[in-house]
Amino acid sequence: MQKLLYFIAFLCASQNLWATNYQAAQGDVLRVPAPISGEHLTVKALGKNWPIYHKDGQPIAWIGIHLNVKPATYDIQWFAGGAASVNQAVDKLDVKKGDFRISHIEVAKKMSSFDEEALQRIRADQASIKKAYKTNVAIKPQWPEMIWPVRGIISTPFAAQRYVNGNPRSPHSGLDIAAPTGTPVKAPLAGKVLLVEDMFLNGTLVTIGHGNGITTVYAHLNKSLVQVGDELKQGDVFAEVGSTGRSTGPHLHWGVQFNGNKVNPKAMLPLATPEP
Ligand SMILES: [Zn+2]
C-alpha cells in the first residue's frame, strides 16, 4: 500500500498540471513547444508519434492534422524519461472543422467515367503513390518550414469538395496553383526524389521525401527534370508546370503528406506567409 501511495505521489509530482490548449482546424500543421524537458523526449497525438525539431534550443513538435480528422478535443501527450527520472505532460488540442470550399469542374467524358483499362491504370498509379509515401527517407533533420514551389493564383484550394461533371468526388488533397506551362517548380524543402511517373489522372507526377514522414507530391507537370534517387536542396528546380493528365489548364497540383496525414501545404510555410 505504501509503495502504491509513493507511486501516485511520484506521478503527481512529475506531471505538468498546466496544460496548454491549442486550437486548430482540419488540415493544419501545429508547432507545439515542449512543456517538459528530459532525455528521450517524445510526443504523441491523434494516435501517432510526431517529430520534434529544435529551434533556438527549444524543442518544438510538428503535428499534422489530417483533413478528415473528426472535430473534437484530443490529447497531446509528452513523455521524457531517462534512467534517473520520468517527466510527462498533457496538452489539449481542439480541432474544428476546416473552412473548405466547393469546386466544380467539367472534363471530357473519358476523364470522368472510366473503362476497365483506365480503372486498372488509376489503381496502379494510386499504389505507386502510396508506396512512395511509405518510403523512409534518411535525411539530416531540418526545420521543415517550406517555400512556395511556384508563385501563382490558387485556382483550387486545399480540401475543396469537388464535383466532376456534377458528381461528388473525394476532397482535393492539395493546392492547385495556376502558372504558365514551363514555369520552373522548386523543391520547397531539401529532400530525395521518390517517384517520377506518367499517370492517367495526375499526368506527370513527382514525389519528394523530406524525412520524418514528410512527403510532397507534384502533379500535371509538363516534365520532370529529375530521376528517382536524386537529392534536392531547398529551392532546386526539379520540374516544369504543365497541364498533363486530368487538368483543365496549366497549374501545379501540390500535395503534402505528413506522417500519413494529408495536410494543407500552406500550413508548412512560415506562419504569416502571403499568398503566392
Ligand atoms: Zn489539384
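Me: How many Å separate the centres of domain 1 and domain 2, taken over C-alpha atoms?

Reply: This is a predicted model, and the domain assignment of the protein divides it into domain 1 (2-96) and domain 2 (102-268). The contact draws 18 residues from domain 1 and 18 residues from domain 2. Taken over C-alpha atoms, the separation of the two centres is 31 Å.

Me: Which residues of domain 1 lose the most area to domain 2?

Reply: The size of an interface is often given as the accessible area lost when the parts come together. Domain 1 and domain 2 bury about 1,600 Å² between them, with 64% of it on carbon and sulfur atoms. On the side of domain 1, three residues together account for 37% of what that side buries, and they are Tyr53, Trp62 and Leu67.

Me: Which strand gives the most residues to the side of domain 1 that touches domain 2?

Reply: Across the interface of domain 1 and domain 2, the rule finds 9 residue pairs in polar contact, with both residues at pLDDT 80 or more. The elements that give two or more residues to the side of domain 1 are strand 3 (29-33), strand 5 (48-49), strand 6 (52-55) and strand 7 (58-64). The residues of that side divide into 9 nonpolar, 5 polar and 4 charged. The element that gives the most, with 4 residues, is strand 7.

Me: Why is one side of strand 10 and of strand 13 left without a neighbour in the sheet?

Reply: The strands belong to an open sheet of 3 strands with mixed pairing, in the order 10-12-13. Strand 10 (102-105) and strand 13 (167-168) stand at the edges of this sheet, so one side of each has no neighbour there, the reason being that each has a single partner strand.

Me: Which residue in strand 13 is the bridge partner of Tyr163?

Reply: Strand 12, which covers residues 161-164, pairs with strand 13 in the antiparallel sense over 2 bridges. For Tyr163, the bridge partner in strand 13 is Pro168.

Note on methods
Residues numbered from 1 in each chain as written. Predicted model: local features only at pLDDT ≥ 70, side-chain atom pairs only at ≥ 80, totals over all residues. Heavy atoms only, no water. Domains from an automatic or database assignment. Contact = heavy atoms within 4.5 Å. Buried area = accessible area lost by both parts, 1.4 Å probe. Polar contact = N/O pair within 3.5 Å; in protein donor to acceptor, adjacent residues only side chain to side chain. Nonpolar A, V, L, I, M, F, W, Y, C, P; charged D, E, K, R; others polar. Pairing = 2+ DSSP bridges.
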